[in-house]
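Student: I have a model open on my screen. Can you show me how to read it?

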Amino acid sequence: MTKKHGKHHHPGDGEKNPAKASQDETSAETSPAMIGGHVPTVPKPAPGIVMVEPGKTVSLAAIDANADGGFEKGEAKELLQAERARIQVLQERLYAEHKRSLLVVFQAIDTGGKDGTIRNVFEGVNPQGCRVWSFKVPSAAELDQDFLWRYHLHTPGRGMIGVFNRSHYEDVLVVRVKDLVPEPVWRERYGLINDFERLLTASGTTVIKFFLHISKDEQKERLEARIAEPDKHWKFDPGDLIERKSWDAYQKAFEDALSRCSTPYAPWLVVPANRKWYRNLVVARTIADTLEAMNPEFPEAKEGIAGLKVED
Ligand code: AMP
Ligand code: MG
């Protein structure tokens with residue numbers, strides 16, 4: 001984002017340079033060059049996070065869900081506080097600038113830690129500038145629309161951080177595993193999702209996509225905890241035990257989604273998530289680093305403010 005963008009000018013309506021138009025269209029899949037008339041800020045994964053390289057196939061079995069980056073739990077918790085403070089400061093600037101936005105997507109298998117990550121990472125962020133949406137089984141009205149409609153309704157406007165707890169990816173995950181639509185329908189969706197995210201990017205939204213990667217053993221422990229502890233009963237869905245039987249099919253569906261929808265403008269980030277404190281730290285650090293790279297700026301003061309006197 002350059003300073004030449006005036007008050008009523010935003011990344012979504014950048015004037016098109018005809019000489020570059022054809023280059024823009026072809027370069028989008030290979031480099032984070034111009035999209036929508038500006039060079040978007042792409043996510044900056046923290047060390048320890050595995051970025052799925054666009055065009056490559058990811059193998060989840062090859063990524064260690066137990067990784068802890070060599071941190072101690074106490075140390076990681078302290079560092080998390082520092083990352084939260086960075087997010088809070090940068091969020092205020094993003095909100096004040098009112099030009100761009102951030103969409104943070106969380107996907108994971110049941111018990112993967114989406115709720116806990118959101119609670120820990122966004123603690124202390126000004127609620128006025130941040131909205132969380134949790135997507136459940138679509139309603140009949142939602143199913144009457146195209147599959148992206150309900151997600152598009154909740155993408156963050158200028159200045160906002162939007163958090164998706166589950167997302168448009170459910171439509172190539174649970175929908176695929178449970179055979180809710182015919183295969184040719186969900187197969188086409190990968191490309192439609194890439195186009196959707198490109199549209200958001202073109203309009204000034206940076207899209208960060210986290211896949212919280214836990215092991216099958218870890219899921220067993222977390223489900224057992226939800227059964228054993230009365231305070232966790234509300235989170236336990238007996239259906240999760242049935243879904244667990246489809247563990248392999250889900251891993252395969254995640255691998256396909258991550259491989260087909262990792263783009264230079266919105267790459268998939270795999271987070272080792274067996275250790276909650278490590279997961280929280282690397283997610284928070286990625287968000288802080290990405291916001292810092294966006295470098296939102298306070299708008300210029302209205303002329304003549306300095307030296308104004310407030311009358312009694
Ligand atoms: P939870 O996030 O645990 O509250 O559960 C939400 C449920 O909604 C999960 O079982 C998801 O698989 C399901 N869900 C979310 N999006 C969709 C979708 N597009 N189609 C079908 N089921 C969905
Ligand atoms: Mg659930």
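The dialogue below goes from the whole chain to the sheet, then to the helices.

Student: What should I know before I start?

Tutor: This is a predicted model. Keep that in mind throughout.

Student: How many helices and strands are there in the protein chain?

Tutor: The chain has 11 helices and 6 strands. It holds 312 residues, and buried residues make up 47% of them.

Student: How do I judge how far along the sequence the contacts reach?

Tutor: Take contacts between residues at least 6 apart in sequence. Of these, 82% join residues at least 24 apart.

Student: How do I follow the pairing from strand to strand?

Tutor: Check direction, then bridges, then a residue pair. Start with β3 and β4. They pair in the parallel sense over 5 bridges. W133 has F164 in β4 as its bridge partner.

Student: And how is β2 joined to β4?

Tutor: β2 covers residues 101-108 and β4 covers 161-165. The two run parallel, joined by 5 bridges. V104 stands opposite V163 in β4. V105 has F164 as its bridge partner there.

Student: How many bridges pair β2 with β5?

Tutor: There are 8 bridges, again in the parallel sense. Look for F106, which stands opposite F210 in β5.

Student: What joins β5 to β6?

Tutor: 5 bridges do, and the strands run parallel. β6 spans residues 268-272. Its V270 is the bridge partner of F211.

Student: How do I read the two faces of a strand?

Tutor: In a regular strand the side chains alternate between the two faces of the sheet. Now apply that to β5. T205, V207, K209, F211 and H213 lie on one side. T206, I208, F210 and L212 lie on the other. Both sets are buried, so both faces are covered.

Student: Why call β5 largely enclosed by the rest of the structure?

Tutor: Because 9 of the 9 residues in this strand (205-213) are buried.

Student: Which residues of β4 lie on each side?

Tutor: I161, V163 and N165 are on one side, with G162 and F164 on the other. Both faces are covered. In β4, 5 of its 5 residues are buried.

Student: Now the helices. How is a packed pair described?

Tutor: Two packed helices are described by the angle between their axes and the distance between the axes. Take α3 and α11. Their axes are 10 Å apart, at an angle of about 60°. That makes α3 oblique to α11. The crossing is right-handed.

Student: Which residues make the contact of α3 and α11?

Tutor: From α3, they are G116, T117, N120 and V121. From α11, they are R279, N280, V283, A284 and I287. By class, the contact has 4 nonpolar, 4 polar and 1 charged residues.

Student: What else do the buried residues of α3 pack against?

Tutor: First, find them in this helix (residues 114-121): K114, G116, T117, I118 and V121. They pack against α2 (73-97), β2, β3, β4, β5 and α11 (276-294).

Student: At what angle do α7 and α10 cross?

Tutor: They cross at roughly 40°, and the axes come within 10 Å. That makes α7 oblique to α10. This crossing is right-handed. R187, Y190 and N194 of α7 meet D256, A257 and R260 of α10. By class, the residues of this contact are 2 nonpolar, 1 polar and 3 charged.

Student: How do I examine one residue, such as R189: buried or exposed?

Tutor: Look at its relative accessibility. R189 has 10%, and under 20% is the cut-off, so R189 counts as buried. R189 is found in α7.

Student: Which residues does R189 touch?

Tutor: Leave out residues up to four places away in sequence. R189 then touches F147, D171, V172, V175 and V181.

Terms used: Residues are numbered from 1 along each chain as its sequence is written. Chains are lettered from A and ligands numbered from 1 in the order in which they are written. This is a predicted model: local features need pLDDT of at least 70, side-chain atom pairs count only at pLDDT 80 or more; totals for chains, interfaces and linings use all residues. Side-chain values use heavy atoms; hydrogens and water are left out. Two strands pair if DSSP finds at least two bridges between them. Helices (H or I, at least four residues) and strands (E, at least two) are DSSP runs, numbered from the N terminus. Buried means under 20% relative accessible area, exposed over 50%, partly exposed in between (1.4 Å probe, protein chains only). Contact means heavy atoms within 4.5 Å. Axes are lines fitted to C-alpha atoms, for helices over the stretch in contact, and angles run from 0 to 180 degrees between N-to-C directions. Angles under 35 degrees count as roughly parallel, over 145 as roughly antiparallel, 65 to 115 as roughly perpendicular and the rest as oblique. A crossing is left-handed if the near helix is turned anticlockwise from the far one by less than a right angle, and right-handed if clockwise. Ala, Val, Leu, Ile, Met, Phe, Trp, Tyr, Cys and Pro count as nonpolar, Asp, Glu, Lys and Arg as charged, and the others, Gly among them, as polar.
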